[in-house]
Amino acid sequence: MTHYNGDKEQTALLDAVTVVKIDIQKHSTEQLKKLIQFVRPYHVDLLADKVENQDDFRRCLELGFKLFQGFFLCKPVDIKGKALGSSRAIVMQLLAELDNPNASADSVEQIVINDPNMTYKILRLVNSAAFSTPKEIESLSHAIALIGMNQVKKWATLFLLSGQSGKPAELTRMMLIRGRMCELLAEMLNYEAPINFFMVGLLSQLDAMMDMDLGYLMDQVPLRDDIKRAILTRENQMGAVLEEVASYERGEWDSIKGLLDKRFYEVAYRHSLDWAEQVLASLSE
């Protein structure tokens, strides 16, 4: 995606695009206002690129940008001595158990039941329109069995992100988009266990969300080594997909290896945008 700067050749394409990307570092606030005023009749979404700090982020919000890219959104603030809260520690413990091949609904229940909020969310989830429940839920382990381990793993990871104060909602949105896009590309490539690709994509920016070193966070939960390597060093099949998605997000087209035809990347990205909006809405209920 090329940055829009108002020249005639780019303006001729405004009727054919849905997103306009602007490098905010190359324009003054007054110039940005003029660009935004000019493109507004085309009913496009405005994407602010090169958002480097909190002042940039607030300025873009005030100007009317809806989408954001930049170092600020993914930058962790290292707070020494910070520890995981009890609720998030339980989620990390749950994710570890879900990665255990011998995990069962009963073993997962023993962890979830220690967090009343998570218990409520899972019970509410199984009663949502997303799942068909032909009979009343008899227990938490029954609810977990109805949902399925993969769905519990996905939603447990989302619980880890929800309610994290002091962080822009856009960061959560970006993490969701990345996780879902990794999962979709894995499905398109017929790779095994696409849910693990989702985990890799989502957790790859956990340091920015938790303000803690990513290596330390990975040490807190015994995820499989290949998942950790994919997140930390972009090794293996999962790491390769993560690198593709990260390059696509940044618009670094020359860095994309092309595991699939590029039109599949666009389809996956657009689907992930819609999916992330739905998830954010459900998490805010």
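Which residues have the most contacts inside the largest nonpolar core? They are Leu94, Met118, Ile122, Met181, Leu185 and Leu206, in a core of 66 residues. This is a predicted model: local features need pLDDT of at least 70, side-chain atom pairs count only at pLDDT 80 or more, and totals for chains, interfaces and linings use all residues. Residues are numbered from 1 along each chain as its sequence is written, and side-chain values use heavy atoms, without hydrogens and water.

**Nonpolar cores**
- A nonpolar core is a set of buried Ala, Val, Leu, Ile, Met, Phe, Trp, Tyr and Cys residues joined through side-chain atoms within 4.5 Å.
- Buried means under 20% relative accessible area (1.4 Å probe, protein chains only).
- Another core, of 18 residues, lies apart from it and includes Val20, Ile36, Val39 and Cys60.
- Beyond its neighbours within four places in sequence, Ile122 is in contact (heavy atoms within 4.5 Å) with Val112, Leu140, Ile144, Ile147 and Phe159.

**Strands**
- Helices (H or I, at least four residues) and strands (E, at least two) are DSSP runs, numbered from the N terminus.
- Strands pair if DSSP finds at least two bridges between them.
- Strand S2 (residues 45-49) has four of its five residues buried, so the rest of the structure largely encloses it.
- S1 (residues 19-23) runs parallel to S2, joined by five bridges.
- Asp23 stands opposite Asp49 in S2.
- From S1 the chain crosses through helix H2 (residues 29-39) to S2, a right-handed β-α-β crossover (clockwise from first strand over helix to second, with the strands pointing away from the viewer).
- S3 (residues 67-68) is parallel to S2, with two bridges between them.
- Leu67 in S3 is the bridge partner of Leu47.

Terms used
Buried means under 20% relative accessible area, exposed over 50%, partly exposed in between (1.4 Å probe, protein chains only).
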